[in-house]
Amino acid sequence: PSEPQVEEVFSPSPSPVIEPTATRIVFYPFAYALFTNELASYCWYCLTPDKKKRHCTGCGFALFCDKECQTLGWKDHKAECKGFRTAKSVPDIETRLLGRIVVRFKAIKSGKAKEDEYFYKDRGSKREIMQIWSHEPEMIKDPVALQKFEEIWTQLITFYDKKFLIDRESAWKLHCRDFINRHAICDKGYNREIGKGLYLDLCQYDHSCRPNSIYTCDGFVATLRSLAPGVDIRNISKTSYAYIDLLNPIQQRRKLLRDTWYFNCECERCSDPADHMLTAVLCPNCPDDQRLVLCIFGSHPYKDPKSLKITCPKCTQTLSNDYVAYAIEQMRSVDKIFETEEMGKLKTRKEQLDHLNDLFDRYSSVLAPTNVFLGKVIQGLIERVTSNEDLLRLHLASEPCVRLCFPKMHPAVAFHLRNIGIFLSNLEQFEDAIPYFQDADQMLSFIFEHDHQLVVENRELINIAKTKTEQKNTSSLKVSQDANGDILTEAVVKLAVTPPTVNTPDVPINGDTKALVDFTDDKFDDMPPLVTE
């Protein structure tokens, strides 16, 4: 028997008019796509978490909330719909995003965009795609970038019908603009990235490792938000956000920016000697409980500019070359541990925990609490421990590093403080938890609207902690998964632009998701109905 088809009358909701302000500006994407592992979790148009599982009957694969989402998303899905019917595997996000850019670009250039009354609904930009930066001269000299495009182009011409494509040279020009300018799209709770999007107006803002704004996502809609009082984000020349993960020392940040965006960062933070605290060490000669933090990189009053010898101003002892070399080797080894398969060789959680705890004990005796490499070891432990005692201890240990890496009002700091409050509450230390929740509230309520879920949930935690404190009730605070979310630190929450070097592995299409309805080529322009699983 045939599957029941959903017949609905489509009446699009009017788009709200949101005027730019000094602290909030809304941006819409030229094109966007979900990561492969998220395709079965979200509506392919509005990016709302999917619960009804209403499939497009043309490909049996795409998901939409209802007829409205399917109709508005058809301009993006039409070419994919035909491709999925015959594909043996799902193209990665790089291919699908460029494919959507190509299809939209071709519709605009051919004039067909004018025939679709919904083509520009919630997708408008002041700039055209060929007006944005491309760094094409740099990319054509970059073997890695060229190889990446060849892989994407091969998938593109294999997956899409040729009638939807453009010539290779034009696709290369679009790829360069996509590669340089696309942004990460996060879920509304900012627990994880779910896709990527190309925002033609948002990408005109410059990068800074000490940004005064941040963009957040609600579905495919991006909102640029001020991170400090007095910042007018309408002034493009004086507004910046971060293109990369800020939990990195200057050497790694600059490498990321050079490799992907082809510039050497000279922002305020990169020029600040205090940033070298992220690679600082403890003086080995001071008393154990009074060890001074010393920067081994950069220029400092206690570092001889010629010999580079470091003399502790507290104990007046000079650090040996062996000690400095040992500290540098420790920092290098951290990246090797997490960037290679070393952790994967340890099969059980206990083996991984024992290994990381041993590293933490050894490294914390040499590296300063602000050292970002020590912070990465702590992050590895946070992802594997389960007790509130351990989670609290580790979050407190990494707090100096988090505060040093991010602007004062950054949500990463708020998430970190909120988590400390949660662990304290779970340990029935409600009174101690309140200041952490209140500090987090000050940050979250500045960045987000008063009814945003992060603000609402954090204030609920404040009220519970206050009530428990007043009642002197020692029962453990039970935080629901919805209110708590995943254990968050900025090392796993990406609110900045993601360097476009991460590829999602191909996922085979299961047999039961093959097309439910066959369409002939002359009928394929018609949008297929939806079906509920």
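Visitor: Why are Lys-255 and Asp-259 separated by about one helical turn?
Guide: They are four residues apart in helix H6, so the separation is about one helical turn. Bear in mind that this is a predicted model.

Visitor: What makes Lys-255 and Asp-259 a salt bridge?
Guide: Their closest N and O atoms are 2.6 Å apart. The cut-off is 4 Å, so the pair qualifies.

Visitor: Is Lys-255 buried, exposed or partly exposed, and why?
Guide: Its relative accessible area is 47%.

Visitor: Why is Arg-253 called buried?
Guide: Its relative accessible area is 0%. Buried means under 20%, so Arg-253 is buried. Asp-275, at 5%, also counts as buried.

Visitor: How do you know that Asp-275 and Arg-253 meet in a salt bridge?
Guide: The N to O distance is 3.0 Å. That is within 4 Å, so the label holds.

Visitor: What do Glu-150 and Arg-168 tie together?
Guide: They form a salt bridge, with closest N and O atoms 2.0 Å apart. Glu-150 lies in helix H4 and Arg-168 in helix H5, so the pair ties together parts 18 residues apart in sequence.

Visitor: Which residues are linked in a network of salt bridges?
Guide: Glu-94, Asp-178, Arg-182 and Lys-196.

Visitor: How many salt bridges does the count come to?
Guide: The count is 28.

How values were computed. Residues numbered from 1 in each chain as written. Predicted model: local features only at pLDDT ≥ 70, side-chain atom pairs only at ≥ 80, totals over all residues. Heavy atoms only, no water. Salt bridge = Lys/Arg side-chain N within 4 Å of Asp/Glu carboxyl O. Helix = DSSP H or I, 4+ residues; strand = E, 2+ residues; numbered from the N terminus. Buried < 20%, exposed > 50% of the residue type's maximum accessible area, 1.4 Å probe, protein only.
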